[in-house]
Amino acid sequence: MRYKFWLVFLLVLAISISGCIREKATQTPTTPHIQRETLYDILENESQYAVTWVLRLGNESSLVSISTGKAVVLEDKVLSYREAKGFKDVNWSSSSIILWENGTGKMIIKMTVGNVTRPYKDVRQFNYTIAKRVAIPYGEIALALSDEFKFNETKVSEKCNDKCTIYIKRIDGEDVFGFYPNTWRIEVVEANITYDPATKKIIEASIYMRTSEKFKEKVEIIFHRDKETIESIREELEEIYRNYAI
């Protein structure tokens with residue numbers, strides 16, 4: 001079913017950026033003001049921000065699912081909430097909340113297919129870096145910015161005013177996802193990533209990708225770093241977690 005592909009798709013990306021792919025790629029030389037990896041490294045080292053996003057997944061002819069989410073990353077806690085809805089062949093929806101603290105991640109998922117809702121809970125031990133990566137659409141950001149993912153061609157350009165926007169196009173991915181014989185690759189990634197030229201911190205990102213199976217994904221991500229918004233999202237997600245944990 002199509003919703004299964006969507007879940008596997010996000011899972012594979014999360015696993016990949018958690019350390020399974022480590023080889024550096026040979027890239028087409030470019031001359032932007034900032035290197036892609038610099039933005040990625042700064043995000044890796046950040047420890048206080050909130051994120052909101054909308055993710056759309058489709059095939060060649062239609063929209064398959066829409067997912068929205070929000071997360072907050074603090075020095076001692078990470079919270080992430082997602083909602084998704086499927087279209088076309090199967091009427092399904094899901095929501096999930098993840099709480100990580102003290103080295104332990106607790107996940108609660110509610111999956112509805114047709115008129116049947118099934119809860120799922122899991123507890124895992126993992127470190128702070130992985131907690132941050134599974135909290136937001138980190139895989140898409142990594143595909144655009146990190147050479148942990150290998151592509152045969154990468155083009156980069158940049159425009160700056162008060163803010164800077166770096167445009168990235170990566171073509172013909174070499175990494176293989178899925179399980180034989182149902183394996184697939186990423187054919188193209190296009191991203192516009194806006195960042196603060198003073199701090200080099202990402203402000204927002206728009207990332208499009210297409211797979212060899214002709215699935216298309218578009219995600220719009222906004223980072224929030226003002227204390228009021230971070231606190232507001234933290235309180236909202238803690239309340240959601242309490243309600244889910246009952």
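**Salt bridges, helices and cores**

Modeller: I'd begin with a salt bridge between Lys 70 and Glu 236, whose closest N and O atoms are 3.1 Å apart. Keep in mind that this is a predicted model.

Biologist: Which parts does the pair of Lys 70 and Glu 236 tie together?
Modeller: Lys 70 is in strand S2 (residues 63–73) and Glu 236 is in helix H5 (residues 227–245), so the bridge ties together parts 166 residues apart in sequence.

Biologist: How many salt bridges does the count come to?
Modeller: The count is 16 salt bridges. In general, side chains of opposite charge can pair when their charged atoms come close.

Biologist: What does Glu 187 form a salt bridge with?
Modeller: One partner is Arg 210, with the closest N and O atoms 3.0 Å apart. This pair links distant parts of the chain, with Arg 210 in strand S12 (residues 202–211) and Glu 187 in strand S11 (residues 186–195), 23 residues apart. Lys 214 also forms a salt bridge with Glu 187, and the closest N and O atoms there are 3.0 Å apart. Lys 214 sits in the loop between S12 and strand S13 (216–224), 27 residues from Glu 187.

Biologist: Which residues do salt bridges with shared partners join into one network?
Modeller: Lys 77, Glu 231, Arg 234 and Glu 238.

Biologist: Switching to helices. How do the axes of H2 and H4 cross?
Modeller: The axes of H2 (residues 36–45) and H4 (residues 138–145) come within 9 Å and cross at roughly 150°. Angles over 145 degrees count as roughly antiparallel, so that is what H2 and H4 are to each other.

Biologist: Which residues meet there?
Modeller: From H2 there are Arg 36, Glu 37, Leu 39, Tyr 40, Leu 43 and Glu 44, and they meet Tyr 138, Ile 141, Ala 142, Ala 144 and Leu 145 of H4. By class, the contact has eight nonpolar, three charged and no polar residues.

Biologist: What about the largest nonpolar core? Which residues touch the most other members?
Modeller: That core has 44 residues, and Ile 136, Leu 145, Ile 193, Ile 221 and Phe 223 touch the most other members. H4 gives the largest share of the core, six residues. Apart from it lies another core of 14 residues, including Ala 50, Leu 99, Ile 108 and Tyr 244.

Biologist: What is Ile 221 in contact with?
Modeller: Leaving aside neighbours within four places in sequence, the contacts of Ile 221 include Val 51, Trp 53, Pro 137, Ile 141 and Ile 203.

Biologist: Last topic, the backbone. Which residue has a positive phi although it is not a glycine?
Modeller: Asn 102 is one of them, with a phi of about 55°. Most residues other than glycine have a negative phi. Asn 102 lies in the loop between strand S4 (92–101) and strand S5 (104–113), and counts as exposed at 72% relative accessibility. Asp 172 also has a positive phi, about 65°. Asp 172 is in strand S8 (residues 164–173) and is partly exposed, at a relative accessible area of 31%.

Methods:
Residues are numbered from 1 along each chain as its sequence is written. This is a predicted model: local features need pLDDT of at least 70, side-chain atom pairs count only at pLDDT 80 or more; totals for chains, interfaces and linings use all residues. Side-chain values use heavy atoms; hydrogens and water are left out. Axes are lines fitted to C-alpha atoms, for helices over the stretch in contact, and angles run from 0 to 180 degrees between N-to-C directions. Helices (H or I, at least four residues) and strands (E, at least two) are DSSP runs, numbered from the N terminus. Angles under 35 degrees count as roughly parallel, over 145 as roughly antiparallel, 65 to 115 as roughly perpendicular and the rest as oblique. Contact means heavy atoms within 4.5 Å. Ala, Val, Leu, Ile, Met, Phe, Trp, Tyr, Cys and Pro count as nonpolar, Asp, Glu, Lys and Arg as charged, and the others, Gly among them, as polar. A nonpolar core is a set of buried Ala, Val, Leu, Ile, Met, Phe, Trp, Tyr and Cys residues joined through side-chain atoms within 4.5 Å. Buried means under 20% relative accessible area, exposed over 50%, partly exposed in between (1.4 Å probe, protein chains only). A salt bridge is a side-chain nitrogen of Lys or Arg within 4 Å of a carboxyl oxygen of Asp or Glu.
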